[in-house]
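The following briefing concerns a predicted model and the contacts within and between its chains. Please consult the sequence and structure below alongside the text.

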Amino acid sequence: MTTMNKTDVEYTIPEVTPELERGPVWLRDQRRASREAFNVAEVPPRGLHLWRYTDPKTFLYDRDAVADTAYSENYDIVEKIELDNLKNGNIAALATDLGGRDIKLNGADELAKQGVVLSSLSSAVEHHHELVENYLYRLVNARTGKFEAMNGALWNDGIFVYVPDGVTVDKPIHLLRESGLARSSQFPRLLVVVGKNAELTLIDEYGGGSLDENEGISHANGAVEIFGLEDSRTRYVMLQRQASAMKLYLTHRAQIERGASMLTVPLAFGALLSKENFGVTLNGEGADSNMYGLLFGSGYQHFDNHTLHHHAADNTSSNIDFKVVLKDRSHSAYTGLIRIDNDARTCQAYQENRNLLLNEGVRADTIPELEILNEDVQCSHGATIGPMDPESVFYLEARGIERDEAIRMIVSGFVDHTLKTVPDDLRQRIGTFVAQRLERI
Amino acid sequence: MTQSKAHFEFKDIHVEVEGKEVVKGVSLTINHGEIHAIMGPNGSGKSSLSNALMGHPNYTITSGEARLDGKNLLEMSADERSRAGLFLAFQYPLAIPGVTVANFLRAALKSHRGKDADMSDFRKLLKAEMSDLSVDPSFATRYLNDGFSGGEKKRVEILQMSMLKPKMALLDETDSGLDIDALKTVADGINRYHNDQNAILLVTHYQRLLNYVKPDFVHVMMNGQFAKSGGPELALKLEESGYDWVEKEVLQKAEV
């Protein structure tokens with residue numbers, strides 16, 4: 001063969017890109033280090049841990065082949081709903097992030113009166129450079145992995161949220177991250193710092209992307225870093241409802257200090273293929289982390305999810321409840337790791353993954369993993385994979401409820417506990433995603 | 001359609017579970033206003049019979065007939081049987097996590113009436129029925145049977161019956177697992193529901209519920225068949241002497 005097919009060539013980030021030239025020296029250094037790490041790192045072999053279920057080459061693409069892109073018209077519908085929510089006082093602020101290229105803020109001025117910062121990352125690099133320099137790249141960086149390095153080099157703009165010590169943001173801040181249409185690529189990035197004894201609820205919603213595989217796939221590679229300082233209380237809801245020809249890679253890492261609590265709610269309904277990795281490090285005594293995950297697959301969707309609870313301090317507690325509902329020909333793989341350090345004593349860690357299969361032809365994999373280097377712990381994990389219990393369906397039928405409705409009620413019940421952790425107005429919208437998927441069963 | 005006087009009747013019912021015949025041809029006619037009791041030792045087929053009549057997927061009726069007010073029940077799915085007026089209070093009610101008692105009852109009533117009940121009427125009705133059955137009002141918002149004690153589950157079964165007001169109620173071991181106070185509460189609920197337009201078939205191992213809910217007829221079931229039928233006095237005799245003497249009688253008959 002004299003000519004190489006372009007798709008066979010592994011993509012490397014060129015020495016000069018607009019992003020690599022952007023920002024102050026420390027940031028350019030971080031970007032260059034990320035570029036170097038990405039170019040040097042091998043593509044993870046398929047047999048390698050965490051890559052058994054998804055081909056890593058999926059996330060290698062020549063992003064230079066992608067020009068500026070258009071956005072689906074639908075995003076304004078959601079934006080409008082959330083602007084109404086802002087007007088009605090259901091949320092504190094709304095940030096709309098168009099592919100990391102254009103970031104619009106609503107309500108940020110009002111938050112600023114409390115000292116709370118909601119801004120683009122590029123603006124924060126200028127106006128809050130000490131905070132950003134201190135925290136950015138600390139949890140997700142060139143050493144995390146090849147694709148995290150790719151984001152670290154190529155993110156264009158992102159979002160920064162900062163809550164000063166002792167401040168409670170009493171309503172959710174909503175982030176709407178919109179991906180471009182066919183053949184677009186984006187590298188969304190989020191940095192959140194919740195100060196000592198401060199409180200924040202953040203909704204991070206990922207929408208948009210290519211609607212039609214024939215027109216081309218669109219890609220996103222996201223990075224989220226969240227810091228919860230001492231005695232802070234953070235709730236982070238990640239809603240993934242990307243379009244049907246979108247491929248998503250996302251790494252979330254949070255670190256919480258002494259006495260802090262963190263609630264993480266990953267909800268996934270969208271994308272053709274998604275690999276999402278959520279991790280919380282309990283870094284101070286008494287820190288407490290809860291994760292309530294839910295994904296609902298249909299069609300040919302492929303979900304590959306990881307969770308990590310890393311106990312790095314004494315008396316820390318964590319709990320994971322990750323629920324999966326699959327129909328049609330969808331596939332979910334879930335890997336949940338609990339790591340307890342040698343010097344982290346009297347910790348409690350629980351993990352449960354339940355998979356409800358609505359028809360034959362779906363596939364669910366579940367891999368619980370424990371790395372416990374300390375004997376003074378309470379730890380348990382459990383997983384179930386199975387179809388709906390026919391006896392439960394019969395119970396509802398025996399009360400006159402038709403079979404399809406009985407199944408809908410049982411699935412809604414299965415997800416109810418998870419959705420209870422989500423703010424009211426968002427829960428209604430999520431309820432409609434569940435209902436839509438239950439229309440044909 | 002010719003309507004017989006009989007309210008609920010089944011004829012020569014055979015039931016199989018996992019390929020094994022557990023009910024071997026039983027027949028019964030129940031008229032409006034009557035209370036019948038089926039008694040029998042464990043494994044005699046009485047729970048299989050009531051589950052099969054309701055349409056449980058694990059219990060296959062291989063032959064026989066069952067009619068409610070002349071309508072052929074065996075042609076109907078379980079939800080259709082319920083809407084036709086048949087009710088089964090389960091021996092072991094399952095927990096349905098995430099579905100509250102109130103939402104469950106509202107969905108059940110909607111399916112029976114063909115439309116949503118008015119919310120405030122529904123709340124009033126539910127509150128009154130719960131109070132009559134000494135069910136704590138907080139149960140309305142709890143997940144159905146999730147973490148309920150045995151007695152609470154049985155009371156909630158009777159609550160469902162009093163809300164749905166079926167024409168024909170099959171009560172499968174509703175007395176098991178109840179202490180004496182709960183037994184009286186449940187029995188009061190059954191008696192309040194009962195009138196001359198409906199009928200009850202109690203399935204029970206012990207006689208004690210029959211002290212509070214008086215049957216007109218008692219049938220003894222053994223080895224998948226009715227071995228003996230009689231009046232309420234039969235239940236008392238079974239309580240005193242157990243089931244052995246019935247079995248002997250059956251064997252003697254067989255020898256003759």
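In this predicted model, 1 salt bridge is counted between chain B and chain A, a salt bridge being a side-chain nitrogen of Lys or Arg within 4 Å of a carboxyl oxygen of Asp or Glu.

**Contact between chain B and chain A**

- Arg399(A) is in a salt bridge with Glu157(B), where 2.7 Å separates the closest N and O atoms.
- Polar contacts link 16 residue pairs across chain B and chain A, both residues being at pLDDT 80 or more; such a contact is a pair of N or O atoms within 3.5 Å, and within protein one must be able to donate a hydrogen and the other to accept it, while residues adjacent in sequence count only if both atoms are side-chain atoms.
- Among the elements that each supply at least two residues of the side of chain B that touches chain A are helix H1 (46-54), strand S7 (96-100), helix H3 (101-113) and helix H5 (150-164) of chain B; helices (H or I, at least four residues) and strands (E, at least two) are DSSP runs, numbered from the N terminus.
- H3(B) gives the largest share of that side, with 6 residues.
- By residue class, the side of chain B that touches chain A holds 18 nonpolar, 11 polar and 3 charged residues; Ala, Val, Leu, Ile, Met, Phe, Trp, Tyr, Cys and Pro count as nonpolar, Asp, Glu, Lys and Arg as charged, and the others, Gly among them, as polar.
- Chain B contributes 32 residues to the contact and chain A 19 residues, contact meaning heavy atoms within 4.5 Å.
- About 2000 Å² is buried between chain B and chain A, 64% of it from carbon and sulfur atoms; buried area is the accessible area (1.4 Å probe) that two parts lose on being put together, summed over both.

**Domains of chain A**

- Chain A is assigned domain 1 (6-283) and domain 2 (390-441), with bounds from an automatic or database domain assignment.
- The centres of domain 1 and domain 2 of chain A, taken over C-alpha atoms, lie 31 Å apart.
- Between them, domain 1 and domain 2 of chain A bury about 1100 Å², with 73% on carbon and sulfur atoms.
- Of the area that domain 1 of chain A buries against domain 2 of chain A, 41% comes from Leu239(A), Leu267(A) and Phe269(A), more than from any other three residues.
- The two domains of chain A share 2 salt bridges, and Arg429(A) forms a salt bridge with Glu82(A) at 2.5 Å between the closest N and O atoms.

**Confidence and conventions**

- Chain A has an average pLDDT of 93, and 97% of the residues score at least 70; pLDDT is the predictor's confidence in each residue, from 0 to 100.
- Residues 1-8 of chain A have pLDDT below 50, and this stretch has 2 contacts in the model beyond near neighbours in sequence.
- Where pLDDT is low, the predicted coordinates should not be read in detail.
- Residues are numbered from 1 along each chain as its sequence is written, and chains are lettered from A and ligands numbered from 1 in the order in which they are written.
- Local features need pLDDT of at least 70, side-chain atom pairs count only at pLDDT 80 or more, and totals for chains, interfaces and linings use all residues, while side-chain values use heavy atoms, with hydrogens and water left out.
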